[in-house]
Amino acid sequence: MEKKIEYTNGEVTVIWRPEICQHSGICVRTLPQVYNPNERPWVKPQNATTEQLIAQIKMCPSGALRYRMNNEPEQESI
Ligand code: SF4
């Protein structure tokens, strides 16, 4: 099954699919306080607002990043 790793700030959940990620680094350059591949966990969604996280997720070129609002658990969006 496809691997998905989830990170949440309590309001939104960032979903990352490592097998799809192209390691283009756009997320790291856009929100370095959230995405840091040298740290674990490498995604810290609590360091940005939900709006900032969603705007960045939409810039991911591969579709490896998606999100889900925690109050809409069935809905996963790019
Ligand atoms: S922007 Fe998307 S494809 Fe690029 S490194 Fe981040 S998660 Fe991977």
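**Exercise 1. Find which pocket holds the ligand, and describe the shell around the ligand.**

Step 1. The ligand takes up the space of the largest pocket. A pocket is an open set of points on a 1 Å grid over the protein atoms alone, where a 1.4 Å probe fits, with protein on both sides within 12 Å along at least five of seven lines. A molecule sits in a pocket if more than half of its atoms lie within 2 Å of its grid points.

This is a predicted model, where local features need pLDDT of at least 70, side-chain atom pairs count only at pLDDT 80 or more, and totals for chains, interfaces and linings use all residues. Residues are numbered from 1 along each chain as its sequence is written, and side-chain values use heavy atoms, with hydrogens and water left out.

Step 2. List the residues around the ligand, each with a heavy atom within 4 Å of it. They are Trp16, Cys21, Gln22, His23, Ser24, Gly25, Ile26, Cys27, Cys60, Pro61, Ser62 and Leu65.

Step 3. Sort the shell: 7 nonpolar, 5 polar and no charged. Here Ala, Val, Leu, Ile, Met, Phe, Trp, Tyr, Cys and Pro count as nonpolar, Asp, Glu, Lys and Arg as charged, and the others, Gly among them, as polar.

**Exercise 2. Work out where the buried residues of helix 2 lie, and what covers them.**

Step 1. Helix 2 spans residues 50-57. Helices (H or I, at least four residues) and strands (E, at least two) are DSSP runs, numbered from the N terminus.

Step 2. Thr50, Leu53, Ile54, Gln56 and Ile57 are buried. The buried residues fall within an arc of 165° seen down the axis of helix 2, so they line one face. The arc is taken from the directions from the helix axis to the C-beta atoms.

Step 3. The cover includes strand 2 (12-16), helix 1 (26-30) and strand 3 (65-69).

**Exercise 3. Decide whether Val14, Arg17 and His23 are buried or exposed.**

Step 1. Buried means under 20% relative accessible area, exposed over 50%, partly exposed in between (1.4 Å probe, protein chains only).

Step 2. Val14 lies in strand 2. Its relative accessibility is 0%, so Val14 is buried. Contact means heavy atoms within 4.5 Å. Beyond four places in sequence, the contacts of Val14 include Leu53 and Ile57.

Step 3. Arg17 is in the loop between strand 2 and helix 1. At 6%, Arg17 is buried.

Step 4. His23 belongs to the loop between strand 2 and helix 1. At 62%, His23 is exposed. Its phi is near 55°, a positive value in a residue other than glycine.

Key:
A residue is near a molecule or strand if one of its heavy atoms lies within 4 Å of it. On a 1 Å grid over the protein atoms alone, a cavity is a set of points where a 1.4 Å probe fits but cannot get out, and a pocket is an open set with protein on both sides within 12 Å along at least five of seven lines; lining residues have an atom within 4 Å of a point.
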